Amino acid sequence: MPRSMQYILAMTMVATGATAQVRLPTVPLPALTQQTLPQTLDQVQSQSLDRLSALRRLEIGRLIRGNPKVVDADPNGEPVVRNEILGLAPTEAALDHARSIGFVVDREENIGAMSIRLVVFRAPQGMSTKKALRTLREADPGGSYDYNHIYSGGGAAGGGTLSRGGGETTDPKGRDASTSLSPAADPAQPRVRVGLLDSGVDLTHPVFRDSAIHAWGCGSHSVPAAHGTAVASLLIGRSDVFHGVHPDAELYAADVYCGRPTGGAVDTLVAAFGWMVQERVPVINVSLVGPKNAMLERVISDLIAQGYIIVAAVGNDGPAAPPLYPASYQHVVGVTAVDAHRRVLIEAARGPQVMFASPGADLAAAGSDHTYAAVRGTSFAAPFVAALLASGLRHPDSADAAAAVEQLAKIAIDLGPPGRDLTYGFGLVGADYRIDPAPLIRR
């Protein structure tokens, strides 16, 4: 079998948690008569990669079909919370009118330090989510309304799709912060601090035994999941056989899923960002992907304007796919992934949103049941960049944030055309922190 065919088949098996839409260069056919080949090599490549590109859509379809009472789809097929519409700081007149036509103001999220007020409307009984958004926009043309989109993690651990979380908690809306600090921080030596918006972290994993972690979300419950645990370990984990980029950093980990099918919705992301603002965490890692959303864009834009650095995975829908968010919002630090040979992953997004490349395959991270797992995807490249940027920052500051990004760009290893490019951005950072999964998984 030609090497190109072996590569494609291998990619199809290992990338079950990622997606790609890739246009490969033409590969000449072997010197065989046409009758001996059922199809051209280009056609085989296209079919294999098309199957890979459909995986995220399949996961979205399963989420919607499996939870029809609470999950709906927007006109583009992206998942949203059924019958919920978000409004950004609607006027009292707009609120009164919405109530008069049957909408209920279900809840609010406020970030006082940024003057952000997000209102969650529940649609009248019998009204579709699409019609509810159209109705509110028509009733208040000057207002800002959008779906409550649901965002997901992109990447795979141990060859399987990473879970959105564990079972349903008894307090699905609970968002109280709880803290686990070990060992106690020395006030004379302030720790580097980094934030994480993801699924829950398994605080009992050995890599976090000596870590300082503040946990938020799910009320008083802990709902650990594979994705959040793996990303957190790459940020701050440490054991006798493993280390993350910055083991001495203090992690602020927000569980935005809590095992709920509607986990990862915009209103929860905004609430988690509000907690980060309250704690003044200067760098926030978001290894989540989804569609463009007006509410999320406004909040992230305001965060960046106030000196916060948002680091996000560019996603695994492939170089030909539309951009994914929040990585594609202006001034977000978008991160792509490379393998052990410093080649960009075939499923990684390309475009102007790519600012840096980091290890995202042939890579070990904390796994389930206190084990280690091989991980793959841009989700696992982002924490390398977040931890490196956090190293020199103690609090949010626009000038310091710009200087940190500029300094990281200067030390990046240029992998593509000279200068910043659409595949690798400024280049590769964090390569020295990649840990080969083979010795750990055999243990």
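Helices (H or I, at least four residues) and strands (E, at least two) are DSSP runs, numbered from the N terminus. The model is predicted, so local features need pLDDT of at least 70 and side-chain atom pairs count only at pLDDT 80 or more, whereas totals for chains, interfaces and linings use all residues. Residues are numbered from 1 along each chain as its sequence is written, and side-chain values use heavy atoms, with hydrogens and water left out.

**View 1. Gly 416 in the loop between α10 and α11.** The loop that holds Gly 416 runs between α10 (398-411) and α11 (437-441). Gly 416 has 26% relative accessibility and counts as partly exposed (buried is under 20% relative accessible area, exposed over 50%, partly exposed in between; 1.4 Å probe, protein chains only). Leaving aside neighbours within four places in sequence, Gly 416 is in contact with Asp 421 and Tyr 424, contact meaning heavy atoms within 4.5 Å. A separation of 9.9 Å lies between the C-alpha atoms of Gly 416 and Val 344, which are 72 residues apart along the chain.

**View 2. Aromatic pairs.** The whole structure contains 7 aromatic pairs. Rings of Phe, Tyr and Trp (its six-membered ring) pair if their centres lie within 6.5 Å; planes under 30 degrees apart count as stacked, over 60 as edge-to-face and the rest as tilted. Phe 242 and Tyr 372 form a tilted pair, 5.7 Å centre to centre with 35° between the planes. Phe 242 lies in the loop between α6 (226-236) and β12 (250-255) and Tyr 372 in strand β19 (residues 372-376), so the pair ties together parts that are 130 residues apart in sequence. Both Phe 242 and Tyr 372 are buried. Phe 356 and Phe 426 also form a tilted pair, at 5.7 Å centre to centre and 45° between the planes. Phe 356 belongs to strand β17 (residues 354-359) and Phe 426 to the loop between α10 and α11, 70 residues apart. Phe 356 is buried, with a relative accessible area of 0%, while Phe 426 is partly exposed at 28%. Ring pairs also link Phe 103, Phe 121 and Tyr 145 into a cluster.

**View 3. The hairpin of β18 and β19.** Strand β18 (residues 363-366) pairs with β19 in the antiparallel sense over 4 bridges; two strands pair if DSSP finds at least two bridges between them. Ala 365 stands opposite Ala 373 in β19. The hairpin has 5 residues between the strands, and Asp 369 takes a positive phi near 55°.

**View 4. Helices α7 and α8.** The axes of α7 (residues 266-279) and α8 (residues 294-305) come within 10 Å and cross at roughly 15°. Axes are lines fitted to C-alpha atoms, for helices over the stretch in contact, and angles run from 0 to 180 degrees between N-to-C directions. The contact is made by Val 266, Leu 269, Val 270, Phe 273 and Val 277 of α7 and by Met 295, Leu 296, Val 299, Ile 300 and Leu 303 of α8. Leu 269 of α7 is buried at 3% relative accessibility. Leaving aside neighbours within four places in sequence, the contacts of Leu 269 are Tyr 151, Leu 197, Val 256, Gly 264, Leu 288 and Leu 296.

**View 5. Thr 135 in helix α5.** Thr 135 is found in α5 (residues 129-139) and counts as buried at 18% relative accessibility. Beyond neighbours within four places in sequence, Thr 135 is in contact with Ile 101, Phe 103 and Met 127.
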